[in-house]
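Please open the model in the viewer and keep the selection panel at hand.

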Amino acid sequence: MNYIGSKHKLSSFIVSTIKSVVGDDLSNKIFCDIFAGTGIVGRNFKSEVKRVIANDCEYYSYVLNKNYIENHKEIKNKEEYIYKLNI
Ligand SMILES: C[S@@+](CC[C@H](N)C(=O)[O-])C[C@H]1O[C@@H](n2cnc3c(N)ncnc32)[C@H](O)[C@@H]1O
């Protein structure tokens with residue numbers, strides 16, 4: 001999902017700016033995506049940091065971040081889910 005307030009187009013700028021301050025190794029860092037909206041900022045850091053915390057007062061953001069940020073386990077039995085969706 002993208003909309004006018006999304007920071008998607010600023011992604012590489014945000015990542016490089018933060019790394020220029022805290023360093024390239026983010027593996028022990030906790031990233032807090034305040035006013036997360038679409039969650040794109042936290043998502044850009046998810047694979048590199050120890051943990052992402054996201055907040056937003058809107059339900060749309062809760063739903064998106066529940067999926068993009070909280071969901072971190074590989075889906076096993078993909079075929080089973082695809083089968084159920086196709087019923
Ligand atoms: C510009 S948008 C989201 C930007 C986000 N970084 C992105 O790239 O999608 C700002 C967000 O701030 C949230 N927001 C505004 N006031 C807030 C508040 N007091 N507490 C929590 N979230 C708030 C809005 O719901 C909105 O999703």
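In this predicted model, begin with helix H3, residues 59-70, whose buried residues are Leu64, Asn65 and Ile69. These residues lie on the same side of H3, because they cover an arc of only 95 degrees around the axis. Next, colour Tyr59, Val63, Lys66, Asn67 and Glu70, which are exposed on the other side of H3. To see what covers the buried residues of H3, display H2 and S2, which are included in that cover.

Now select Ala36, Ile40, Val41, Phe45, Val52, Ala54 and Ile69: these seven residues form the largest nonpolar core. Helix H2 (40-46) and strand S2 (51-54) are the elements that give two or more residues to this core. The most comes from H2, with three residues. In soluble globular proteins, nonpolar side chains tend to be buried together.

Centre the view on Val52. Which residues is Val52 in contact with, leaving aside its neighbours within four places in sequence? They are Phe31, Asp33, Gly42, Phe45, Lys46 and Ile69.

The shell divides into five nonpolar, six polar and three charged residues. Of these 14 residues, Gly5, Lys7, Phe35, Gly37 and Thr38 come nearest to the ligand.

Finish at Asn28, in the loop between helix H1 (11-22) and strand S1 (30-33). Is Asn28 buried or exposed? Asn28 counts as exposed because it has 8 C-beta neighbours inside 10 Å. A distance drawn from Asn28 to Val49, C-alpha to C-alpha, gives 6.3 Å, although the two are 21 residues apart in sequence.

Methods:
Residues are numbered from 1 along each chain as its sequence is written. This is a predicted model: local features need pLDDT of at least 70, side-chain atom pairs count only at pLDDT 80 or more; totals for chains, interfaces and linings use all residues. A residue is near a molecule or strand if its C-beta atom, placed from the backbone, lies within 6 Å of it. Ala, Val, Leu, Ile, Met, Phe, Trp, Tyr, Cys and Pro count as nonpolar, Asp, Glu, Lys and Arg as charged, and the others, Gly among them, as polar. A nonpolar core is a set of buried Ala, Val, Leu, Ile, Met, Phe, Trp, Tyr and Cys residues joined through C-beta atoms within 7 Å. A residue is buried if 20 or more other C-beta atoms lie within 10 Å of its own, exposed if 12 or fewer, and partly exposed in between; C-beta atoms are placed from the backbone. Helices (H or I, at least four residues) and strands (E, at least two) are DSSP runs, numbered from the N terminus. Two residues are in contact if their C-beta atoms, placed from the backbone, lie within 7 Å. The arc is that of the directions from the helix axis to the C-beta atoms.
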